[in-house]
Amino acid sequence: MPAADPPKVVVTRQTPGAYDTIAAMGADVVIGPDKGFPHQPDLHRFLREHAPIDVVVSMFHDEVNDAFLNAAGGRLRAVVNYAVGYDNIDTAACARRRVTVCNTPEATTEGTADIAWTLLLAAARRLPELDPFVRRGGWAEHGLMGMGDFLGLDIAGRTLHIIGAGRIGMAVALRSLGWGMRILYTSRRRHRDWENAPLNARRVDLEAGLREADFVSIHCPLTPETRHLINAQRLASMKPRTVLINTARGAIIDEAALVEALRSNTIYAAGLDVLENEPHPAPGLIDLPNVALTPHIGSGAARYREMMTEIVCENVAAILKGQTPPNPI
Ligand code: GLV
């Protein structure tokens, strides 16, 4: 009898960390290019070249739909997303084909909470204006700062509204304890752990939280229900001193409406790690002084990215052994 092909695992782009544990199981591991495939037809061609594939490790910018699944071939057992969010995956199409879907939950929590706070502090204290002011010689030209120049917002004791009470929302809320903030949370269900010490958070509906908060940070998944959750009307309901932070998915905010709200000072500032149409900012966004921007880099510390690869490998290993993976969706 001819020997069976080794299982094939295709990772659609390079990631920090190693896939040695999978290779040591005898699998043929193929890793895509450094930047992956920004254009889906190139991704499909790459998958077809390596089909039949047993497991694909996908990235959040890979659209896992029927065309993707067809290209991977009929042997596909699982798609393991190198991300916590999985709005890029048509989970119904995967279920129809009995393809398991997994993600990498714990690894992205701390890094994303850090970038949310980086953006919150930067937006409140006007870093997008201050850094170029110093760097481009503005300070040297201006001389000593006037005590009323570039005043920003105070943070201690203010109200922080977290939308989405998952792991990342919790990590962002915990960091606010150092500032003695009041915490509001919006979630489909009640979370008593949020309402107990140390957070002592109060559950509010979205509208009430937006009206009351000084800082709003988004930590819910992108779904049909949360697409444009923050629209022109909701932006108009916020206080003029509000800072809005989004480290979840860009399309949760109507970005064109946000540009207008920032331009007209309907809200004070925003901090965005994610865009509606990555990597392209909405027209006018990058011309605004009151927005701090980072390029979807929440989990971007070596320790967290390596941890994501480790979690991916644990899931792939279980799937190849025919076991239930630790992080199925
Ligand atoms: C990144 O955006 C992730 O979902 O992990």
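A charge sits over a ring if NZ of Lys or CZ of Arg is within 6 Å of the ring centre and within 35 degrees of the ring normal.

**View 1. Arg249 over the face of Phe60.** Arg249 lies 5.4 Å from the ring centre of Phe60. This is a predicted model: local features need pLDDT of at least 70, side-chain atom pairs count only at pLDDT 80 or more, and totals for chains, interfaces and linings use all residues. Residues are numbered from 1 along each chain as its sequence is written, and side-chain values use heavy atoms, without hydrogens and water.

View 2. Strands (E, at least two residues) and helices (H or I, at least four) are DSSP runs, numbered from the N terminus. Strands pair if DSSP finds at least two bridges between them. β9 pairs in the parallel sense with β6 (residues 159–163) over four bridges. Ile162 stands opposite Ser217. β9 also pairs in the parallel sense with β10 (residues 243–246), again over four bridges. There, Ile218 has Asn246 as its bridge partner.

**View 3. Trp117 and Trp179, one of four aromatic pairs.** Rings of Phe, Tyr and Trp (its six-membered ring) pair if their centres lie within 6.5 Å; planes under 30 degrees apart count as stacked, over 60 as edge-to-face, the rest as tilted. Here the centres are 4.4 Å apart and the planes at 20°, so the pair is stacked. Trp117 is buried at 5% relative accessible area. Trp179 is partly exposed at 30%.

Key
Buried means under 20% relative accessible area, exposed over 50%, partly exposed in between (1.4 Å probe, protein chains only).
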